[in-house]
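Please work through the exercises below with the structure open beside you.

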Amino acid sequence: MADTSKIAACWDALKALPVPDLRRLFADEPARLADHVIEESGLRFDFSKTHLTAQSLGSFIDLAQATDFAGRRAAMFAGEAINVTEGRAVEHTAERGEGKAESVATAAGHKARMRTLVDVIEAGALGDIRHVLHVGIGGSALGPDLLIDALARAGERYDVAIVSNVDGVALEEAMDRFDPHRTLLVIASKTFTTTETMLNANSAIDWMTQAGVDDPYGQVIALTAAPDKAIEWGVDETRILGFSESVGGRYSLWSSIGFPAALALGWDGFEALLEGAAAMDRHFRHADLMFNAPLRAAFIDQYYARVMGCQTRAVFAYDERLRLLPAYLQQLEMESNGKAVKADGTPVDGPTAAITWGGVGTDAQHAVFQLLHQGTHVVPVEFVAVTEAGDTLDPAHHQTLLVNCFGQGAALMQGRENPADPARAYPGNRPSTTILIDALTPHALGALIAFYEHRTFANGILMEINSFDQFGVELGKEIAKSIEKNGAQGFDASTMALIERALG
Ligand code: F6P
C-alpha cells in the first residue's frame, strides 16, 4: 500500500536538497562511477553525469518504498489488473516468458502459431512473397518499424513497408515500390477498428484487386486482439495471429504485432529479441533498488521533471540504426505518463511525463545542440551509442561518431567560462546519461526496449499514475468522426471556416 504522508515527505525532502554542481560531484563522491553505472545484458547505463547524489538517491529509495514500488511491480508480474481504469492486467512481459504462468502459456501458444506462419510464408505457401505491406498505427507500427530499421536494414529476406499515416501519400509510396502479386498485406490493429488502419487496409485490397490478384484476401495476415472483427472484415481464421487484451498497444511489439519483424529478422532473431527483453525483466524484478537500471532512470526523470522543473528530455541515438528510437519513445513515454490524474482519479502532485524529443547524432549537433549548450532551458540529455560499428567502411566513421557522442556529454557537463566574451561562454553543469550498447544484436535491442518500458512503469509508480490507459487520445478522434458525419455545424468560427474552406 502506498503511504500518502510519507510520499509527500519524500518529495519535500527532495525539493529541499541543494542542487549540486555536476563538476564537483566526481571529486566529492570518489565512488561516483561505481555507484552510478549499472551494467546489464551488454548495456552500460552511465548515470554519473546527472545531479543525483547519495543523498537524493536515498530520498528516492524512500519514495519508491512509500509508493510501494515493489508491490506494484509484483502485481504487474502476477497479472493483477493494475490498469485500473480499464480493469485490465498488464502482461507484455508474458510475451517474453516472464509473468503469470497461465498468461505465459497463452503467449507461448500465440508465438507457436506465429512461428508456423513465418515458416509457411518462407516456404512459399502464400505464393512468392517478397514484399510485406504492414498497415498499422501508433503501437501497431512504431515498434515493428524500429525493430526492422535497426536490425534488418539490409532487407535481404523481404522488403517491408510500415504504413501508418492515413495520408494516402504514405500508402502510395509503398504501392509504387511493391508488386501486388508478391505482396503480403499485414493488418496490425489491436482493436481492428482504428480508422487510419482500416482505410489503408481497404485501399491496399483495392490496389491488389485492380492489379488482377486472384484472391487478395488470401494474401492478408491480421495481427489483432479482436479476431472476430478481423474475420468479419474478411480475413481467414487461419491467418489471424492473436494476442491478449492485456498487452497494451505501445507495449505490443513482442506479441504478434512484431510479425513483420519476425519475417524480416527470421525466427531466431525474433526469439533473441524476446530473450533480451526477458533478461531485462529479470533485472527489473530482482535487482536491488539501488542498482536497478529502469528504476534509477526513473529517479533521474523525476528529479529533473519534478525537482528541477525541466519540461522536456531529449534522446539522441548516436547510431543511424536507432534513428527511430526517439519516435518510439515519444509514444511509450508520453502516451503512458502524460496524465493529469493519479490512478485513484485525484489530481497529480506535480508535472508528469516530460516531453520526450530527440534525434540522431551527429546530425543533431549541427541543428539543436546550440540550445542544449547555451540556451536558457536545462534539458536532461540521453545519449544512446553502440560500441561495435554497424558499417563496414573506414573505421574512422564509427570512431568519429563515438568521440562526438562522448565529447558532447563532457562538454555539457564541463562548460567553459569566458567572462571576456559571454557569447562564447558555456554554462556547463548540464546533465546527461549515456547508454552504451556493446553490439546492436536482437538480444541487446530487446533488453534496451524493455528497459525503457520498465522505466516508464517505474515513473508511473513514483507519480502514482496509471501508465497503461490513454483516454487522452479519444476526444480528438470523436470530434473528427462527428465532423465527418455532420460537417461544420456546431463548431467554433475558426473550425467551421477551416472545414468549409478545405472540405466544402
Ligand atoms: O489512438 C491511440 C492508440 O489507441 C494507441 O494506443 C495504439 O497503439 C494505436 O491507437 C493503434 O491502435 P490499434 O492497434 O487498436 O489500431
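**Exercise 1.** How many Å is an oxygen atom of the ligand from an N or O atom in the side chain of Lys477?

*Solution.* Bear in mind that this is a predicted model. In the side chain of Lys477, an N or O atom is found 2.9 Å from an oxygen atom of the ligand. Next, turn to Ser189, whose side chain has an N or O atom 2.6 Å from a ligand oxygen, and to Glu335, where a polar side-chain atom lies 2.7 Å from an oxygen atom of the ligand. Finally, widen the view to the 14 residues around the ligand, of which Ser140, Ser189, Thr191, Thr194 and Glu335 come nearest.

**Exercise 2.** Determine how helices H12 and H17 are oriented to each other, and describe their contact.

*Solution.* Start with the axes of H12 (residues 267–286) and H17 (residues 442–463), which come within 7 Å and cross at roughly 40°. Because of that angle, H12 is oblique to H17. The crossing of the two helices is right-handed. Among the residues that meet are Gly269, Ala272 and Phe284 in H12, and Pro442, Ala450 and Phe457 in H17. Sorted by class, the residues of this contact of H12 with H17 comprise 12 nonpolar, five polar and two charged.

Technical notes
Residues are numbered from 1 along each chain as its sequence is written. This is a predicted model: local features need pLDDT of at least 70, side-chain atom pairs count only at pLDDT 80 or more; totals for chains, interfaces and linings use all residues. Side-chain values use heavy atoms; hydrogens and water are left out. Axes are lines fitted to C-alpha atoms, for helices over the stretch in contact, and angles run from 0 to 180 degrees between N-to-C directions. Helices (H or I, at least four residues) and strands (E, at least two) are DSSP runs, numbered from the N terminus. Angles under 35 degrees count as roughly parallel, over 145 as roughly antiparallel, 65 to 115 as roughly perpendicular and the rest as oblique. A crossing is left-handed if the near helix is turned anticlockwise from the far one by less than a right angle, and right-handed if clockwise. Contact means heavy atoms within 4.5 Å. Ala, Val, Leu, Ile, Met, Phe, Trp, Tyr, Cys and Pro count as nonpolar, Asp, Glu, Lys and Arg as charged, and the others, Gly among them, as polar. A residue is near a molecule or strand if one of its heavy atoms lies within 4 Å of it. A polar contact is a pair of N or O atoms within 3.5 Å; within protein, one must be able to donate a hydrogen and the other to accept it, and residues adjacent in sequence count only if both atoms are side-chain atoms.
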